[in-house]
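Load the model in your viewer and keep the selection panel at hand.

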Amino acid sequence: MVYLSSMHEPLRRVIVKRPQEAFKSQKHLDENWKRFNYAEVPEYEEALREYEAFLDILKEHVEEIDFLPEAEETGLDSLYAHDPVKFTPAGAIILKSGKALRQPEAQVYKKFLEEKGIPVIGELEGDAVSDGGDIVWLDNRTIAVGRGYRTNDEAIRQLREITAPFIDEFIEVQLPHDRGEAECLHLMSFLSIVDKDLAVVHSPLMPVFLRQRLIENGVRLVEVPQDEYDNLGCNVLALAPRKVVIPAGNPVTKAGLEEAGATVYEYKGDEISYKGTGGPTCLTCPVMRTT
């Protein structure tokens, strides 16, 4: 069985977590949103409605959806199922978040994968920390990993070793300070690969070498303006090549994608995305994609 080494091939299996299991209740949100550095306290009932609409899009296009259970050890951010693991063609790598509050998610996730019969091929150890949002398959033999506040040098060293059998090139991308250590800047914050020759980017945060590399490799760039970047417009989930999901309220990004031949699905994500800074890629952990 082959898992994945792509960000854009047709999505066949995905892991998610409902707000019922992550947010738990309005009382739980009221007590914890500041601790998790949310922009505002989410409205629980509206979050449930938003999520069901998002899930409806997934159900229309994805054959198998696995739901993470509620766990005492995990917090609000466990809604963002992408970050605790990253998949390779042979199975999952268990990560350890650079956000200390999220670190308990890794072992809960590992147990879940074992129960589902999904192989775990490696696990970060010691001082290594990394989030899945910093690890991007540029193509099926090339991985880019962001070095920033959420992913450190030791994690990059270990990830090089674990992924070596599956790749020809491992690219380290130095991330900017941007808004500081408390904020969440991932490599995927300003880069979404949505086809072999199409990416959605926010160029002001991109290292020059990475931007030039994509262009030289024939990748067309859809540029996200600052106001839409702030609204998670650069956080784009590919359901299949040029078939994508974005948060509503990003008309320039949507128009750019459509002009490049993409079909765009939108969902309202005020409560489940904007307030916790986690768009559709963050809400989903792709397990299998097929060519």
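**Stop 1: a sheet**

Select strand E1, residues 11-16, together with E2: the two pair in the parallel sense over four bridges. Bear in mind throughout that this is a predicted model. Within this pairing, find Ile15, which stands opposite Asp66 in E2.

The three strands make an open sheet with the order E2-E1-E15, and the pairing is mixed. Strand E2 (64-67) and E15 are the edges; each has a single partner strand, so one side of each has no neighbour in the sheet. On average, neighbouring strands here are turned by 15° against each other, direction ignored.

Next, show helix H4, residues 105-116. H4 packs on the sheet and touches E1, E2 and E15. The direction of H4 makes about 135° with that of E1.

**Stop 2: two loop residues**

Select Gly133, in the loop between strand E5 (120-123) and strand E6 (135-139). Is Gly133 buried or exposed? Its relative accessibility is 5%, so Gly133 counts as buried, the cut-off being under 20%. Leaving aside neighbours within four places in sequence, show the contacts of Gly133: His82, Asp83, His186, Leu187 and Met188. For a distance check, pick the C-alpha atoms of Gly133 and Pro42; they are 91 residues apart along the chain and separated by 22 Å.

Move to Asp168, in the loop between helix H5 (153-163) and strand E8 (169-174). Asp168 has a relative accessible area of 61% and is exposed. Asn140 is 28 residues from Asp168 in sequence, with 9.2 Å between their C-alpha atoms. Keep Asn140 in mind for the last stop.

**Stop 3: the largest cavity**

How many cavities of 30 Å³ or more does the structure hold? There are six. The largest cavity has a volume of about 110 Å³. To centre the view on it, select Met7, Met188, Val236, Thr281 and Arg289, which lie nearest its centre among 13 lining residues. Met188 is also one of the contacts of Gly133.

Colour strand E9 (191-195), strand E12 (237-240) and strand E15 (285-289): each supplies at least two residues of this lining. E9 gives the largest share, three residues. Coloured by class, the lining of the largest cavity shows nine nonpolar, three polar and one charged residues.

**Stop 4**

Turn to the largest pocket, which holds about 610 Å³ of space. Select Glu183, Cys184, Leu232, Gly276 and Thr277, the closest to its centre of the 32 residues that line it. Helix H7 (226-230) and helix H10 (280-283) each supply at least two residues of the lining. The lining of the largest pocket has 13 nonpolar, ten polar and nine charged residues.

Finish at the second largest pocket, with a volume of about 410 Å³. Of its 24 lining residues, select Ser5, Ser6, His8, Asp139 and Asn140, which lie nearest its centre. E6, E9 and helix H6 (208-216) each supply at least two lining residues, and the largest share, three residues, comes from E6. By class, the lining of the second largest pocket divides into ten nonpolar, eight polar and six charged residues.

Note on methods. Residues are numbered from 1 along each chain as its sequence is written. This is a predicted model: local features need pLDDT of at least 70, side-chain atom pairs count only at pLDDT 80 or more; totals for chains, interfaces and linings use all residues. Side-chain values use heavy atoms; hydrogens and water are left out. On a 1 Å grid over the protein atoms alone, a cavity is a set of points where a 1.4 Å probe fits but cannot get out, and a pocket is an open set with protein on both sides within 12 Å along at least five of seven lines; lining residues have an atom within 4 Å of a point. Grid points are joined across faces, edges and corners, and a volume is the space filled by probe spheres set on the points. Ala, Val, Leu, Ile, Met, Phe, Trp, Tyr, Cys and Pro count as nonpolar, Asp, Glu, Lys and Arg as charged, and the others, Gly among them, as polar. Two strands pair if DSSP finds at least two bridges between them. Axes are lines fitted to C-alpha atoms, for helices over the stretch in contact, and angles run from 0 to 180 degrees between N-to-C directions. Contact means heavy atoms within 4.5 Å. Buried means under 20% relative accessible area, exposed over 50%, partly exposed in between (1.4 Å probe, protein chains only).
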